[in-house]
Every structure is written in C-alpha cells, then in structure tokens.
Amino acid sequence: MKILVTGGAGFIGSSFVRYLLGAREDAEIVNLDLLTYAGNLRNIEEVAANPRYRFVRGDIADRVQLREVFEEHQFDAVVNFAAETHVDRSILDSAPFVRTNIEGTRCLLEEARRYKVERFIQISTDEVYGSLGSTGSFREDTPLDPTSPYSASKAAADLMVLAYVKTHRVPALVTRCSNNYGPYQFPEKLIPVLITNAMENRPLPIYGDGMNVREWIFADEHSRAVLMALERGNPGEVYNVGSGHEKTNLEVVHEILRLMDKPESLIQFVKDRPAHDRRYSIDCSKIRREWAWSPEIDFCTGLAATIEWYRTHQDWIREIKNTSYLSYYDQMYTRRDETLAGTASSKEED
Ligand code: NAD
Ligand code: TYD
C-alpha cells in the first residue's frame, strides 16, 4: 500500500508515521508537510532513513505541487493530518485556518478524485461538535456546532469531505478524536505548556476557573484507531475516537505538579479564552463495537511517560522555545487581553 500522509511532521501525524511503518511491513509512506512553526523534522528523524519512507516539503493548498506528487506516486490512500490546530492562534488570525484546513482539504479531495485513490481519511476533532454541559457525550450524529475559528474550519472541512463522497464518490471517511497528549506535542497546547514551564519553574497559566473539561487520549492510541479507519472504515461514515479519561484543567495541572514534585504556587490563573468550550466528552462505542478498538493507556501512566519524554528531550524543547516562540507568547497574551477588552483590531486591519 502506498499512502500519502499529510502533516506527518507534526505531533499526531508523526506518531502515525512511526506507528504505520512498524505495524505494516508492506506500507510505503510519502509524508507531505509544509513545515510550519508546528512541523519539525526532528519528530520523524527515527524513520528518515527507512527505505519505505519519503519526505516532501509541500503545501496541501498548492494544487500544482499536489498534482506533481500524486502524478509521481499513484497513491492507494490519503491520510490528512495537515492543519492549523491551535484554538488561541485561530482567535488571533483565522486566515491560515481557512486556507489550510478548508481549501487545503478541498485541494487534496480533488487530487484524490482525479487519481482515484481507494481511501481518504480526514483526521478531524471532537471540537466540531461544540461545547457540552456537565452531562452527555458527543455521538457521531450529534449536530455540528463549532465555536472557534479553528473548530469552524475543521467542521467545514468535514462537510466538504462528506460532500465529495456523495457528489464525486471519493471513498472518504472522517475520524473525530478527543484531545491528544504525549511526546512531541508543540508547547502551545495545555499539557506541554504545563510540563515545560514547570521544568523551568515558570508560571503555569490556567484560563478562567480551570474547570473546563477535556477528554485526554495518548496520541499513539489515536494512531492505532486511524490505521483501523484506513483498513476497516466505510466511506461516508464518521468515527469518534476517545479514551473516557475526562479531566478538568485543574485536575491535569495538579497531577502534573504531583508527578514532577513541584509546588502548587506555580499555578497562575489568567483571563479566559473567548467562547471557551466548557466540556468535551466522546461516545466512541461505534469503534469499540465495529473494530474492537479500545484505549489501553490510563491517564496517569501516559502523563508520567510524557513528562519523562520532555525531561529527556531538553534539546528538542530548547530549539522550539526560541525567540519567535517567545515573541508569539508575548503577542498572544497582549492581543488576547485586547480581544477580551474589545479593543483588538483584526490581523487584516493591522
Ligand atoms: P500539529 O499542529 O502538531 O501539526 C500539524 C502539521 O501540519 C505540522 O507538521 C504542519 O507543518 C503541517 N501543516 C500545516 N499546514 C500545512 C499545509 N498547508 N500543508 C502541509 N502541511 C501543513 O497538529 P496535531 O496536533 O498533530 O494535529 C493533527 C491533526 O489532528 C489535525 O488535523 C487536528 O485538527 C487533528 N486533531 C488534533 C487533536 C489534538 O489534540 N492535537 C485532537 C483531535 C484531532
Ligand atoms: P488546548 O490544549 O489549547 O486544547 P483545546 O482548547 O483545543 O481543547 O487547551 C486545553 C484546555 O486547557 C482548554 O480548556 C484551554 C486550557 N488551557 C489553559 O488553561 N492554559 C493554557 O496555557 C492552554 C494552552 C490551554
């Protein structure tokens, strides 16, 4: 099987590339990634010399470049991880989210259609369903109700994928997973922000009252579900992926501080994110039933392994937490304060 993986230099895509090469001896992968701020060749250096693996730097929203890659390789399948992924960045500037997440997905669908690929897996997120109260869980037929520019762009991409199934008979399907954590996650998402800041005894920013709930899954477990989607999924269907490990952000930060033996005084409550989704919870009984998939790693074990990975990969963190990362953080907090005070101008106006 020859598979195009997009976004394979990011956090979850790189987990999938490593997992797939190990799990299937006949799999050949072309990893197409733009290497944005979130893409990092170090995430996949352990497979770089594998003869069944090739890296191409490229943009999923560039039709000309995509055509050349599809023409050269004749893929059997496409797995689309490539995306802009951070809610806070989408609040500051939604333009790259529309371009990559919506237009990029459309371009990939067009090439998949033209070259008649046998499977197209769209990696989506539970955030497309919006926010829950204290009870209930998202099912595959829960109406879409995104609240951030990020989740709106992912919902639009899902609808485009499902429309291409109906209109053009592209054999595509969608997976929607809950919050991932694990090694190689860029330190802008909650868990790596907390771990890497705690390592330096810097404040741990908690938005609002810290009572927002997320369902945390170890990224390699998500990769296992994506391979099942590739091999067993039905075109036109949606498959939820989750772990059942629901935690408030305060529970997460307390557990990290306990495992790292750091004081609670590092916690710093900061202004809330606008339209901050209160709770996510996934009902993934469909893939448990149809594929016998189930999560195997409990939250505390996964978190301890993640902390150990960051502790032993200080050079990886140092390379990322460079000047441009720090200036993004300064800008983010200044602009977020302006947004909340209603004084921010949009990026386009700047
Ligand atoms: P990430 O931000 O770590 O990586 C994204 C990758 O996409 C990067 O390597 C980046 O260089 C690449 N990319 C961005 N724009 C591109 C473009 N135009 N062309 C080609 N490559 C491009 O993201 P992640 O956390 O690994 O998420 C991967 C996918 O999983 C995304 O589609 C995301 O929506 C979805 N997802 C993420 C989570 C989560 O908790 N992180 C949960 C559910 C679903
Ligand atoms: P995040 O990792 O950005 O994922 P998402 O918003 O896509 O679920 O955030 C997870 C939760 O943690 C969310 O409720 C926002 C919160 N959060 C903080 O409290 N502090 C932080 O520094 C970050 C990045 C997130």
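Analyst: Hello! Let's start with a definition: accessible areas come from the Shrake-Rupley method with a 1.4 Å probe. By that method, the chain in this predicted model exposes about 14,700 Å². Carbon and sulfur atoms supply 49% of that area.

User: What makes the radius of gyration of the chain agree with a compact globule?

Analyst: We set one value against a rule. The rule is 2.2 Å times the number of residues to the power 0.38. For 350 residues this gives a radius near 20 Å, and the chain has 20 Å, so the two agree. Along the principal axes, the C-alpha atoms fill a box of roughly 55 × 40 × 40 Å. Inside it, the chain has 12 helices and 12 strands.

User: What share of the 350 residues counts as buried?

Analyst: The answer is 54%. Each of those residues has a relative accessible area under 20%, because that is the cut-off for the word "buried".

User: Why does asparagine 31 count as buried?

Analyst: Its relative accessibility is 0%. You can find asparagine 31 in strand S2, which spans residues 28-33. Leaving aside its neighbours within four places in sequence, asparagine 31 is in contact with several residues, among them Val5, Ile44, Tyr53 and Phe55.

User: Why is the pair of asparagine 31 and tyrosine 53 called a polar contact?

Analyst: The two side chains are joined at 3.1 Å. A polar contact needs N or O atoms within 3.5 Å, one able to donate a hydrogen and the other to accept it, so this pair qualifies.

User: Which residues are closest to ligand 1?

Analyst: They are Ile12, Asp33, Thr85, Tyr150 and Lys154, out of 28 residues that surround ligand 1. A residue joins that group if one of its heavy atoms lies within 4 Å of the ligand. By class, the shell divides into 13 nonpolar, 12 polar and 3 charged residues. Strand S5 gives the largest share, 3 residues.

User: What makes tyrosine 150 a polar contact of ligand 1?

Analyst: A polar side-chain atom of tyrosine 150 lies 2.7 Å from an oxygen atom of ligand 1. The limit for N or O atoms is 3.5 Å, so this pair counts. The backbone takes part as well: a polar backbone atom of glycine 10 is 3.0 Å from an oxygen atom of ligand 1, and a backbone N or O atom of isoleucine 60 lies 3.0 Å from a nitrogen atom of the ligand. Taken alone, ligand 1 exposes 840 Å², and the protein buries 97% of that.

User: Which residues come nearest to ligand 2?

Analyst: Of the 16 residues around ligand 2, they are Glu127, Leu190, Arg214, Arg273 and His276. The shell has 6 nonpolar, 5 polar and 5 charged residues. Strand S8, residues 204-207, gives the most to this shell, with 3 residues.

User: How do you know that arginine 273 makes a polar contact with ligand 2?

Analyst: Use the distance again! An N or O atom in the side chain of arginine 273 is 2.5 Å from an oxygen atom of ligand 2. With the limit at 3.5 Å, the pair therefore counts. A polar side-chain atom of glutamate 127 also lies 2.5 Å from an oxygen atom of ligand 2, while a polar backbone atom of proline 205 is 2.9 Å from a nitrogen atom of the ligand. On its own, ligand 2 has 510 Å² of accessible area, and the protein covers 98% of it.

Notes:
Residues numbered from 1 in each chain as written. Chains lettered and ligands numbered in written order. Predicted model: local features only at pLDDT ≥ 70, side-chain atom pairs only at ≥ 80, totals over all residues. Heavy atoms only, no water. Helix = DSSP H or I, 4+ residues; strand = E, 2+ residues; numbered from the N terminus. Nonpolar A, V, L, I, M, F, W, Y, C, P; charged D, E, K, R; others polar. Buried < 20%, exposed > 50% of the residue type's maximum accessible area, 1.4 Å probe, protein only. Contact = heavy atoms within 4.5 Å.
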